[in-house]
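Reader: Could you walk me through a few spots in this model?

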Amino acid sequence: MPKESPHELRQRIGALEERLSALHAAVMRVSGSLDLETVLHEVVDSARALTGARYGVITTQTEAGRIQDFVTSGFTPEERAEMTAWSDGPRLFAHFRDLRTPLRLANLPAYVRELGFSSDLMRSQTIQCTPLLHRNVYVGSFFLAEKEAGQEFTDSDEEVLLLFASQAATAIANARTHRDEQRARADLEALVETSPVGVVVFDGQTGRPVSFNREARRLVQDLRAPEDSMEELLNTIVCRRGDGREVTLAEFPMAQQLSDPETVRAEEMTLSVPDGRSVTTLVNATPTRSKEGAVESMVVTLQDLTPLEELERLRAEFLSMVSHELRTPLISIKGSTATVLGAAPAPDPAEMLQFFQVIDDQANQMRNLIADLLDQGRIAAGTLSVSVEIADVGGLIDQARSTFTWAGTRRAITVDLPEDLPRVLADPGRIVQVLNNLLSIAARHSPDSSPIAVAASLDDDQVAISVTDRGSGVPPEELPHLFRKHGNATGEKGVGHGLGLAICKGLVEVHGGRIWAKSGERGHGTRFTFTLPVAAETDDAAPSVSPRPPRSPKRNEATPILVVDDDPQTLRRVRDSLAEAGYAPILTGDPAELPSLIRTHRPRLVLLDLVLPGTDGLELMESVPELESLPVIFISVYGRDETIVRALDAGAADYIVKPFSPSELTARVRAALRRQAEPKPFSLGDLSIRYEEREVTVDGRPVTLTVTEFEVLRVLSSHAGRVVTYESLLRQAWRGRARDAEDPKVVRAMVKSLRRKLGDDAARPVYVLNERGVGYRMPRPGSE
């Protein structure tokens, strides 16, 4: 080998220094980021730059051996698409991966053909394959093809790529570890934020709060005055501990933490502010320490005991009520037996028979009470099922009246039923039980001489059945509590309703109906009304109703339902109930996500909490355009009649009061979806609209409308009684068809054409009324 001249040696050393400098710069670039996507692109770009390759590809794999990342460099979009679509591509890359050693080829197409693969897409002759190893574990490979001027890859290229691959593999492993840590941190933060237990973290040096989760913020929110900041609130909160000691929250347990940190386990404490407001919590406090033993932070968890205290109060009230209900028949039984056994001389047979009748009646009452308790347990657990069939309302009422009369009551019962009342879907035995409970309550709370009135009427797609007495009535403040199992609303004789109304509520709701009570002025009696779904007379067989319908056989066929509630426990309960019923629940606690979730998942129905952070459901109904064409069911703890009326007037499809059973929830969802899928014909004066047939008539005369004219009429009629703005009409009626979305003139021109075809005088309109500067509305049928 000829000896190199000094000049040639200097050139060679300069080339090596230049290459080492380029390698160092490449290593610095790939190590300068922890974002995995950025690192992968830097690796493949740097490898191309080091060797002068035109094309570069990097692949990584999972521990199971599947390709995880596939990043290219130097390809046009068309070339990358061809490579991605190449059927032999995955097998070829798997072959290169299994080699686990560098591979340099001068004739790639021939090599590919020898492997039995198609070489039609081979654009390059030369290729350099280099594995990526991190601590002797294979993490991927990069592939470089087609050097400048058609040159082949050299030993020098392979050496520098092996050096670079070692550093690149480390950078990729670090980026993956960082990504996994970030994901784990995000999961942990989400878990803590949505935890039903309040979590507060205090700084170990200053004692100042570092973070609050959602439940902790909720706990102290009621204690904070509007003008106070969170820090000011913490300085005023006083903790009364289990041993009677009182310390400020800022002092607990931070006062001793620098020298003697205190760990608290499950201690009941009351947090209070100077004006007397307070909340009772179960507190745990744990210090976290550094390696040197210094306290870095204090993690405090707070569990709100208010719901538990309420449960305890309800439990005691329930036991008291059951004890009272059982004690009454027991006293009668004991009195009858004591009289018979202690009488001297013994009572005659006729008198004995009367005592035995008392004992038998009271034993039957106790048996009925036990049956009621079992029913209430099934309703609360969501396991009460009913077998419905098509039933005649008159027959159900006659059967209930006969049972009620047979029990020995001589109370007059009047029945008022229209002749054209449709049949209903009902479990006859259970609905007769509901009617008997209502008749018994009416008899118990009204004078013996006054009749009890039973009536029924058609209400949309439900039949409403009412039972009315002429007793003393129920005070307005007690009406919302009547149907709770612990309710103790009293009437004229001061006797509570016990479990009867709670069971009526559960039985009606499992049928998909509702039950409510109205009471006028004192002495004008009470009316109980419940609804049952109208039966489709064309059905060959009525469906069975169960609180837990069978799961949908395929998840992708499930109906998407969007649930918006800031209470994690409610979200979980609703999610489980909907999933069990075969629906596909989409959950969020953030009302700001509502529009994007509707656009992304296209739900068929929305379950919306009435009260949300920073807003409420009624405001969202008005401000979120995506809700306009969807049925919305409100879920709320507020059960006052005026609140429910406001929600329904705002366009809600239904309203469910918390707490509710899974069977009630799914029954109401089914009913709302059924109404949406089978809209009833609309009739206003001479105007008639049949939505499914897209048929419009005026005084029996067919009216021919364009697609957009019909959509405008459909939107206005489906919102009858409410104003529909120009913007809302554009969104719902045009639905993305070409239009100038900013110009209400488009809507005015369409309404003008629609009025002309309907024969509606613009000066004195009957069907489409103008709300100047806002939009249009149609009168509600029956209000014109």
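Author: Gladly! This is a predicted model, where local features need pLDDT of at least 70, side-chain atom pairs count only at pLDDT 80 or more, and totals for chains, interfaces and linings use all residues. Residues are numbered from 1 along each chain as its sequence is written, and side-chain values use heavy atoms, leaving out hydrogens and water.

Reader: How much accessible area do Leu188, Leu191 and Val192 have together?

Author: These residues form a nonpolar patch on the surface. With areas from the Shrake-Rupley method with a 1.4 Å probe, only the protein chains shown counting as cover for residues, the three together have about 270 Å².

Reader: Is Leu191 buried or exposed?

Author: Buried means under 20% relative accessible area, exposed over 50%, and partly exposed in between (1.4 Å probe, protein chains only). Leu191 has 56% relative accessibility, so Leu191 counts as exposed.

Reader: And which side chain does Lys147 join in a polar contact of 2.8 Å?

Author: Lys147 is buried, because its relative accessible area is 11%. A polar contact is a pair of N or O atoms within 3.5 Å; within protein, one must be able to donate a hydrogen and the other to accept it, and residues adjacent in sequence count only if both atoms are side-chain atoms. The partner of the Lys147 side chain at 2.8 Å is Asp157.

Methods. Patches are made of residues with over 30% relative accessible area and no salt bridge: like charges are joined within 9 Å, nonpolar side chains (Val, Leu, Ile, Met, Phe, Trp, Tyr) within 5 Å. A salt bridge is a side-chain nitrogen of Lys or Arg within 4 Å of a carboxyl oxygen of Asp or Glu.
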